[in-house]
Amino acid sequence: MALTDRHRPSAGHTLAEHAVSPHDVELRTAAARPARRRFLTLTAAAAALAFTTGLPARGAFAAPRLDPARITEDPFTLGVASGDPLPGSVLLWTRLAPAPFEPDGGLGQRIVAVEWEVALDESFVRVVQRGSILAHPEYGHSVRVDVGGLNSGSVYYYRFRTGGWVSTTGRTRTAPAPGDAVTRLRLAAVACQAYHHGYYTVHRHLAQEDVDLVLHLGDYLYEYAVDSAGGARRYTDVVLPDVFDREAVTLADYRMRYALYKSDPDLRAVHAAHPFVVTWDDHETENDYTGVMEENGRTPEQFLVRRAAAYRAYWENQPLRAGQLPQGSGARLFRRLHWGDLAQFDVLDTRQYRDAHAYGGRPHVPGSESDDPARSITGHAQERWLIDGWAASTAVWNVMPQQVCFSQRRLDVNERADVSMDAWDGYRASRDRVVAGAKAAGVANWLVLTGDVHVGYAFDIKDDFDDPASAVLGTELTCSSVASGGDGAERPANWDTYMRANPHLRFYDGRRGFVRVDLDRTSARAAFRTVSAVTTPGAPVTTAACFVTEAGSPGLRPA
């Protein structure tokens with residue numbers, strides 16, 4: 001989704017002026033080969049972008065080791081994180097960067113040994129597992145440990161160590177065992193954290209909430225330039241380096257941008273407090289891109305170089321398992337997680353596989369171009385995976401974390417209203433197939449969690465959105481934004497128009513915040529938690545509204 005201030009690089013900033021790593025050069029070389037060899041398919045171009053040269057070398061070709069005792073500054077400046085909890089394991093993450101605003105994090109092209117440990121208590125008296133792992137420069141000195149052999153449904157504490165330095169302690173948990181009759185789950189959903197639009201006050205409050213899991217629904221990072229004052233943060237005691245004052249394009253750029261975002265203490269705090277399940281939207285790569293097409297008109301071959309770099313940096317900087325490591329210019333980010341028999345999470349990727357925007361991506365009345373039955377927002381393989389997963393589900397709640405508005409959202413009160421071509425409204429045949437799949441699978445308790453729009457919405461998902469009397473099939477909650485869009489307003493200028501145009505829209509709030517959801521075996525209760533400002537730090541958090549939907553009887557009502 002586009003921001004109001006584009007922060008595009010000036011005409012004087014060429015690709016050559018961006019920080020370039022050896023891997024960026026290899027990517028460009030690979031991307032040029034299809035043109036020289038006259039490959040006729042995009043598949044051939046994508047295959048040439050494989051990250052084979054970006055894997056850690058072995059034996060005599062491996063990078064030299066760095067003695068951790070020689071690290072003189074704290075290497076854990078970017079914090080710790082955990083993610084994708086399973087019944088017997090959880091993924092732990094950190095990234096070494098004693099000089100986080102330098103392209104190599106201050107460690108050069110050297111391997112560093114890192115120790116880790118997991119305990120039952122915050123003081124690490126009862127350590128249950130420990131080990132060591134290598135931080136490779138090819139992965140930006142990020143490390144991930146997939147710790148197995150843990151008890152299901154349990155809380156653990158973890159930390160990392162190298163040389164004389166010890167990381168912040170993180171708190172995480174494992175998922176309940178398959179089939180366990182779980183009685184409750186509390187989760188939170190967040191999205192859209194443009195650093196230059198404000199402080200991460202939302203994350204500071206979320207770090208203090210009692211939740212089992214945080215779902216990040218995309219736009220974790222923005223590619224746009226961040227000036228020396230941090231944009232709307234208006235720093236007076238910090239001057240950010242010029243390297244951030246341009247759009248991120250290369251692998252080195254994206255790595256540096258993650259370092260900037262993770263330097264924020266509130267973001268580090270929320271990662272240390274809770275396990276995350278993450279998925280991306282567009283800005284982790286480039287605004288409003290669709291599949292292999294980007295908004296500025298570069299060829300798919302050119303864009304795939306950038307997309308490959310962005311995907312690689314995303315994996316390096318998130319608590320994701322090896323199964324999500326990008327292969328070529330793509331990465332398998334859609335995946336399925338379970339919380340006993342209470343919830344099944346089908347985490348979607350609605351950006352990587354979608355067809356190009358209809359009508360140039362601008363708001364438009366639905367028509368033959370957008371309603372082409374061959375079009376898909378998920379790609380047909382992911383669509384089939386989703387529907388097959390529902391058919392096999394035995395969970396009380398089927399939760400679908402994803403990026404853009406699923407429900408119909410008419411943008412005006414005309415009889416034939418404009419809708420967003422970037423949301424599921426621009427891919428109505430794709431939505432119809434998913435709705436039909438949910439109905440065929442007998443999904444009784446369907447909860448869609450959405451980011452992207454920088455506001456909080458609560459929708460009833462209708463069998464026919466144009467018929468207010470049609471059946472309610474499920475619930476969609478959008479989580480607003482952490483910072484994107486600035487302070488926001490409780491009732492934006494289009495509030496009355498949207499509420500009149502969309503009878504199935506039960507709530508609309510334009511302030512920054514997150515949505516907290518309590519699931520049990522009889523109901524789902526949603527609380528929209530908002531802050532009044534993000535352009536100044538320290539705003540309190542309040543509950544703007546609460547809703548409940550009963551298991552087996554979909555439809556939102558105030559709680």
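Predicted model: local features only at pLDDT ≥ 70, side-chain atom pairs only at ≥ 80, totals over all residues.
The largest nonpolar core holds 86 residues, and the members that touch the most others are Leu187, Phe345, Leu477 and Leu519. Helix H6, spanning residues 300–316, supplies the largest share of this core, with seven residues. Another core, of 31 residues, lies apart from it and includes Trp385, Trp390, Phe459 and Leu473.

Helix H7 (residues 380–392) packs with helix H8 (residues 428–440) at an angle of about 20°, and their axes are 9 Å apart. With that angle, H7 is roughly parallel to H8. The crossing in which H7 passes H8 is right-handed. On the H7 side, the contact is made by His380, Glu383, Leu386, Ile387 and Trp390, while H8 contributes Ser430, Arg433, Val434, Gly437 and Ala438. Five of the residues in this contact are nonpolar, three are polar and two are charged.

Valine 80 belongs to strand S1, which covers residues 80–86, and valine 80 is buried, its relative accessible area being 3%. Leaving out residues up to four places away in sequence, valine 80 touches Trp93 and Thr94, Tyr158 and Phe160, Ser167, Thr168 and Gly170, and finally His271 and Ala272. Between the C-alpha atoms of valine 80 and valine 127 there are 18 Å, the two residues being 47 residues apart along the chain.

Leucine 91 sits in strand S2 (residues 89–95). Leucine 91 is buried too, with a relative accessible area of 2%. Its contacts, apart from neighbours within four places in sequence, are Ala81, Ser82 and Gly83, then Arg144, Val145 and Asp146, and also Pro319, Leu320 and Arg321. Leucine 91 and proline 275 are 184 residues apart along the chain, yet their C-alpha atoms are separated by 8.8 Å.

Threonine 201 is placed in helix H3, which runs over residues 201–207. Is this threonine 201 buried or exposed? Threonine 201 is buried, with a relative accessible area of 2%. Among the residues that threonine 201 touches beyond four places in sequence are Asp266, Val531 and Ala533. The rest of that set consists of Thr536, Pro537, Gly538 and Ala539.

The last stop is the loop that links strand S15 (446–450) with strand S16 (456–462), where aspartate 452 is found. Aspartate 452 has a positive phi of about 75°, although aspartate 452 is not a glycine. Histidine 454 lies in the loop between S15 and S16 as well, and the phi of histidine 454 is near 65°, again a positive value in a residue other than glycine.

Methods. Residues numbered from 1 in each chain as written. Heavy atoms only, no water. Axes fitted to C-alpha atoms, helices over the stretch in contact; angles between N-to-C directions. Helix = DSSP H or I, 4+ residues; strand = E, 2+ residues; numbered from the N terminus. Parallel < 35°, antiparallel > 145°, perpendicular 65-115°, else oblique. Left-handed = near helix turned anticlockwise from the far one by under 90°. Contact = heavy atoms within 4.5 Å. Nonpolar A, V, L, I, M, F, W, Y, C, P; charged D, E, K, R; others polar. Core = buried A, V, L, I, M, F, W, Y, C linked by side-chain atoms within 4.5 Å. Buried < 20%, exposed > 50% of the residue type's maximum accessible area, 1.4 Å probe, protein only.
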